[in-house]
Amino acid sequence: MSTASTVPAENSVPAGTVPAGNRAESEAVGSAAGTVRSGDGTLIAFDRVGDGPPLICVGGATVYRAIDEAGAELAALLAPYFTVITYDRRGRGESGDAAPYAVEREIEDLDALIGMAGGSAFVLGESSGAVLALEAAVRGLAITRLACYEPPFVVDDGRPPMPGDFLERFDELVARGRRAEAFAMFMTVAVGLPAEAAAGIRDDPMWPALEGVVHTIAYDGQIMGDTQRGTPSALARFASVTAPTLVMDGGESPAWQRNAVQALTDVLPNARRRTLEGQTHRFTPAALALIVTEFFHGTTTAPSPPKNCPIRSRGPWPG
């Protein structure tokens, strides 16, 4: 059974020695960061901040800690209530990688982080990171509550479906060293931006930080699978996710995205939907922090913020 509601938009703790998880070997790196060893031996780098129940944040395509300012701000806002773990997905930032890629390896990465965190955790996924979190829940990882912000499913004809040969063409461009062209194809075909918006990517100040992770867009393509072909039935496999789940969208996002969020909410047996008015796919961290704090605490209003909590200065706290 699912419910829906609309909400208004509102404008480090040292990690120390990281304990070994049930299925992972861990080692400390620095005072507020660490690595955890995944099932195939790959080291996954993470930051940990705050105090409270563990909450792992899963980013979308090309996102990693060094360039994710919104993710860092969100972690700071959530830190008074949770032990927030942000990490570089494999192939990005300070995390390792191993060929060949398989979605199962990324699920093992998340499982290793959950083990490091104590054996179970809340999980917050954004965009394709939300789909990775859903796949992890399908496979039985110890996710006690799950929050998903705008998983980019395509369930209707509101936008063109992903071409069946997208990944093949994308990987070919990367293999030929044409990463800028591959990224431009992703931005126009997958994201839906006009061609002029993707032109001149090499001149963008962010390009040096993005160029090295362009190949991982194909990883997200494998995670999305057949869920961007315009058929809602592709979401049926998520019906086995029984953990309480919050599915969110932005009130200013296009109809196809909002329809996809509703389709997922309808499939999940224990889900509710929240719409963040004034938000798009690029959310305001303060708006998201408010809603997920309420959800993960299992209340309709978040607990009173501590003195000098950064959320207080960004808008009234309910309750």
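## Arg-89 and Glu-106

Arg-89 and Glu-106 are both buried (under 20% relative accessible area; exposed is over 50%, partly exposed in between; 1.4 Å probe, protein chains only). Their side chains form a salt bridge, 2.9 Å from N to O (a side-chain nitrogen of Lys or Arg within 4 Å of a carboxyl oxygen of Asp or Glu). The partners sit 17 residues apart: Arg-89 in the loop between strand E6 (83–87) and helix H2 (103–117), Glu-106 in helix H2. Helices (H or I, at least four residues) and strands (E, at least two) are DSSP runs, numbered from the N terminus.

## Basis

The model is predicted: local features need pLDDT of at least 70, side-chain atom pairs count only at pLDDT 80 or more, and totals for chains, interfaces and linings use all residues. Residues are numbered from 1 along each chain as its sequence is written, and side-chain values use heavy atoms, leaving out hydrogens and water.

## Other salt bridges

The count is 19 salt bridges. Asp-249 pairs with Arg-258 at 2.8 Å between the closest N and O atoms. Asp-249 is buried at 0% relative accessibility; Arg-258 is partly exposed at 24%. One network, joined by shared partners, holds Glu-104, Glu-135, Arg-139, Asp-226 and Arg-237.

## Nonpolar cores

A nonpolar core is a set of buried Ala, Val, Leu, Ile, Met, Phe, Trp, Tyr and Cys residues joined through side-chain atoms within 4.5 Å. The largest has 43 residues; Ile-56, Tyr-87, Leu-113 and Phe-153 touch the most other members. Apart from it lies another core of 26 residues, including Leu-55 and Ala-147.
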